[in-house]
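User: Please take a close look at the sheet in this protein. How is it built, and what packs on it?

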Amino acid sequence: MAEDSDEDKTESATPRRLDEARKRGQIPRSQELSTFAVLLTGLIALLMLGPELFDVLRQIFLTELTFDRGMLHTPEQMMLHFTQATGQALRACLPIFFACALAATLTPLLIGGWLLSFEPLTPNFSRMNPLTGITRMFSVRSLVEMLKAILKSVLIGGVAAYALWSEKDQFVQLIAMPQDSGFAYLWQMSRYTLLLVVGGMALIPLIDVPYQLWDYYKGLRMSKEEVKRENKESEGDPHIKGRIRQLQREAARKRMMANIPKADVIVTNPTHYAVALQYTDKMRAPTVVAKGAYLLAERIIELGREHKVAVVRTPPFARALYHHAELGEEIPAALYTAAAEVLAYIYQLREFQRHGGPEPTLNASLPVPAELDPQAIDAS
């Protein structure tokens with residue numbers, strides 16, 4: 001089956017599609033946002049630590065540019081002196097490096113979140129296809145990346161050139177300035193230039209972040225057929241699900257029929273409904289072990305008679321039980337009195353069958369609340 005073309009992919013990616021892409025290591029990222037965050041963090045750190053840093057660097061310059069005739073004949077001392085100066089400079093810059101590294105680590109989490117996936121490391125020989133590489137070279141994404149590179153070059157170069165050009169007269173006079181004044185002016189000019197450059201670069205991530213998010217979700221768009229296929233895979237084939245439900249109903253019915261011999265009584269409508277009740281000393285209230293309507297009700301009555309379970313005709317009580325008592329659960333409290341009278345009648349009937357005596361009779365109008373009897377509700 002041929003892949004759907006981009007024109008057919010008009011539907012937004014489903015949560016499952018997004019989750020699969022994330023597992024493959026595909027998440028939205030903006031390199032420009034990370035670059036800007038690192039530069040901004042570095043600038044803030046430099047502004048905060050700048051005076052101390054420039055004092056250290058100034059002292060290093062003064063020390064290293066001082067001519068020491070004794071070192072001309074001892075190269076080892078020159079290397080040791082240089083190593084110490086380099087270490088001192090690095091230690092002075094270490095807080096700035098650490099702040100920039102922290103920004104580079106945390107910034108990508110802003111739009112893509114945290115992701116740990118080893119799937120991108122697995123070999124993929126399709127990436128080595130020259131035709132695919134050539135196609136990527138002339139794709140819309142490559143064009144956008146080229147335009148971003150040009151924009152960055154023009155923006156950064158233009159801002160830096162403007163900053164230096166505006167200070168060209170003072171910059172030329174820097175050679176003739178006293179040492180302290182020269183370092184102070186150099187720090188001021190560096191700070192001014194960095195502020196302009198970083199401020200100008202803020203425009204790039206403002207454009208790049210929305211584009212990267214749009215491009216990411218556009219690349220994961222799906223066709224209507226793919227959405228239907230995924231829904232079918234997620235929810236299952238309707239025919240298979242229907243068959244499963246049918247098998248479940250059959251299994252539940254078999255279990256229900258197997259419980260009928262345990263019942264104490266079956267109350268009927270007499271032909272519309274049949275509900276089998278069981279009660280033992282361990283139960284808080286009678287429990288429904290089987291119930292059904294029409295053909296199933298007939299089968300319950302037939303099976304009950306086969307196992308010598310008493311069948312009692314109590315239309316209001318049977319209707320109330322069928323509609324308001326769940327299979328395998330206790331009957332509603334409102335039907336306790338009616339159930340007690342029916343069970344008492346069954347126990348008396350058993351005694352009569354065993355020992356004789358006066359034949360018991362069942363109350364013709366059991367105390368069934370009208371709101372539990374559908375027929376009574378319809379009549380009202």
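Analyst: Strand S2 (residues 273–278) and strand S3 run antiparallel, and six bridges join them. Within this pair, Tyr273 has Ala293 of S3 as its bridge partner. Two strands count as paired if DSSP finds at least two bridges between them. Strands are DSSP runs of E with at least two residues; helices are runs of H or I with at least four residues, and both are numbered from the N terminus.

A note on the basis. This is a predicted model, where local features need pLDDT of at least 70, side-chain atom pairs count only at pLDDT 80 or more, and totals for chains, interfaces and linings use all residues. Residues are numbered from 1 along each chain as its sequence is written, and side-chain values use heavy atoms, leaving out hydrogens and water.

Now the whole sheet. It is open, has four strands in the order S3-S2-S1-S4, and its pairing is mixed. S3 (287–293) and S4 (310–313) are the edge strands, each pairing on one side only. On average, neighbouring strands are turned by 20° against each other, direction ignored.

Next come the helices. Helix H12 (residues 295–306) packs on the sheet and touches S1 (265–268), S2, S3 and S4. Its direction makes about 130° with that of S3. Helix H13 (residues 315–324) lies across S1, S2, S3 and S4, and runs at about 80° to S2. Contact here means heavy atoms within 4.5 Å. Axes are lines fitted to C-alpha atoms, for helices over the stretch in contact; angles run from 0 to 180 degrees between N-to-C directions.

For context, the protein has 15 helices and four strands.
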